[in-house]
Each structure stands twice: as C-alpha cells, then as structure tokens.
Amino acid sequence: EAAADPKAVADEIVRIHERYGVKAFSNWDPNVMLRTDALSIFLDEMIERGSPVDLKFEMGVQPDRLDAAIAEKMRQAGTVSMTIPFESADPKMARRFGKPYRVDDPVRAVRMCRDLGFSTGSFHCTWVIGVRGEGWRHIFGTWLSVLEAGGLPTPFPLTLTPGTREYDLHQEQVQGKDLSELNGHLWPTLPSFEATRVYDLVLQIVSQPDLEKGRALAQRLPPKALKAFECEVG
C-alpha cells in the first residue's frame with residue numbers, strides 16, 4: 001500500500017504553520033495505523049522539527065496496533081487528541097462488527113496513553129447505538145468502559161447507508177424508508193416514537209463524561225432500562 005512521503009508531509013505542515021499561522025492539524029486517514037512504518041517516520045520528522053503544532057488523529061487509531069513506542073512518539077510530536085474506537089463492551093456485539101481487535105484493546109490503549117502523560121479526556125472513544133439486537137450492556141457497559149479508561153465518551157446513532165452490511169441486516173426495520181429517514185438521530189431502526197424518546201435520553205446519558213451526571217439523568221429512564229443501567233453501572 002502506498003503512503004505519502006512522511007518527510008514531505010512534515011515539511012508541508014511546518015510550511016503552512018509558518019506562512020499562515022495554522023496551529024493544529026488533523027489527520028483524516030481512517031487507516032493511518034496500517035502503515036505504522038510511515039507514521040513512525042513522520043512522527044520522527046515532526047519531533048526533529050520541534051513539534052511546532054498540535055496534531056490530532058481524529059479519524060480513528062486502531063487500538064491493537066497502538067503500542068507504547070508509537071504512542072510515545074505521537075506524544076513527543078505534539079499529538080493532543082485522537083479517536084479510539086471502542087465498538088462494544090459486549091463480546092457478542094464486538095464480534096458482529098467484525099473488527100480485528102478484541103474488546104479490551106481500546107481500554108488498554110487509552111490507559112497506556114494516560115500513563116504516558118496524554119490528557120486522554122479529549123480522546124474520542126466511539127461506539128454505535130441503535131443497532132438491531134443490541135442489549136443494554138452494549139450501550140451502558142461500553143460507556144462505563146470508556147469512563148474507567150479515562151477517555152471521552154463519543155457514542156453516535158447508527159446511520160444506515162444502502163449497500164452496506166448493516167443496512168442489509170436492518171432491512172426489516174428500514175423497509176419503505178427513503179434516504180432522508182435514515183439519519184441516525186432519527187433512530188431509523190426503532191419501532192415507535194416512544195422508543196426513540198427513550199434512545200434520545202440514552203444518548204444524552206452515555207455522552208456524559210461525568211459518571212454522576214449520567215447517573216442522575218438515568219433516573220428518568222423507564223423502569224426496565226433503569227434496572228439495566230443500575231446492573232451495568234451500579
């Protein structure tokens with residue numbers, strides 16, 4: 001797989017910074033960890049230049065490929081935030097998503113970065129809710145895992161795209177709906193308006209970076225959901 005010349009990328013970042021005063025750069029390559037050799041060279045180049053800008057890896061860092069050596073280079077190169085996908089605390093759901101890493105890999109990655117001195121409270125830790133067949137453990141358990149690791153909970157509703165695997169798995173729920181109805185915040189997979197109201201509250205709860213604020217909001221859940229919350233979160 002081809003990769004841009006890491007030195008040339010570092011040169012261009014510094015040039016733009018010096019000419020236009022840009023102070024932060026975001027990497028939007030969702031597969032940046034597939035070429036850790038190129039990434040490592042780029043980070044070395046930024047370190048050599050004194051890391052004059054903030055770096056953000058916001059399209060996601062594959063957690064099983066993030067080791068202490070590359071994380072330390074990222075820190076020295078000026079990395080201030082990254083996105084680490086959590087997918088699910090429920091092993092069954094994690095297997096369904098077909099990711100190449102285990103449930104505990106993102107937890108390990110965030111804790112490692114915290115130990116290295118990163119401010120991981122700005123690390124977006126993502127997972128999808130509103131998925132057919134999910135349980136409360138997927139939602140509330142994943143939120144708790146993010147908080148315990150020290151990351152920023154970043155759940156998002158499932159937005160279905162025709163032609164994808166998840167769209168095909170939700171055919172029964174989305175039959176007859178056009179593209180305008182598939183936006184995740186409309187909860188296209190849910191069966192009723194009442195269910196969407198519950199999920200609006202659930203999304204608000206698990207977006208909280210503070211456990212006690214989430215716990216207070218959870219008191220507004222219907223009894224079954226509240227019982228599940230208390231079983232998972234305590």
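**A helix pair and its sheet**

Guide: Helices α2 and α3 cross in a left-handed sense. Left-handed means that the near helix is turned anticlockwise from the far one by less than a right angle; clockwise would be right-handed. This is a predicted model, where local features need pLDDT of at least 70, side-chain atom pairs count only at pLDDT 80 or more, and totals for chains, interfaces and linings use all residues. Residues are numbered from 1 along each chain as its sequence is written, and side-chain values use heavy atoms, without hydrogens or water.

Now the geometry. Helix α2 covers residues 36–48 and helix α3 residues 68–76. Their axes come within 9 Å and cross at roughly 35°. Axes are lines fitted to C-alpha atoms, for helices over the stretch in contact, with angles from 0 to 180 degrees between N-to-C directions. Helices (H or I, at least four residues) and strands (E, at least two) are DSSP runs, numbered from the N terminus.

Which residues make the contact of α2 and α3? From α2 come T36, L39, S40, L43, D44 and I47. From α3 come I70, K73, M74 and Q76. Contact here means heavy atoms within 4.5 Å. By class, five of these residues are nonpolar, three polar and two charged. Nonpolar covers Ala, Val, Leu, Ile, Met, Phe, Trp, Tyr, Cys and Pro; charged covers Asp, Glu, Lys and Arg; the others, Gly among them, are polar.

Together, β1, α2 and β2 make a right-handed β-α-β unit. That is, with the strands pointing away from the viewer, the path from the first strand over the helix to the second runs clockwise. Strand β1 is joined to β2 (residues 54–57) by four bridges, and the two run parallel. N27 has F57 of β2 as its bridge partner.

Next, the whole sheet. Five strands form an open sheet in the order β1-β2-β3-β4-β5, with parallel pairing. Two strands pair if DSSP finds at least two bridges between them. The edges are β1 (24–27) and β5 (152–157), each pairing on one side only. Neighbouring strands are turned by 20° against each other on average, direction ignored.
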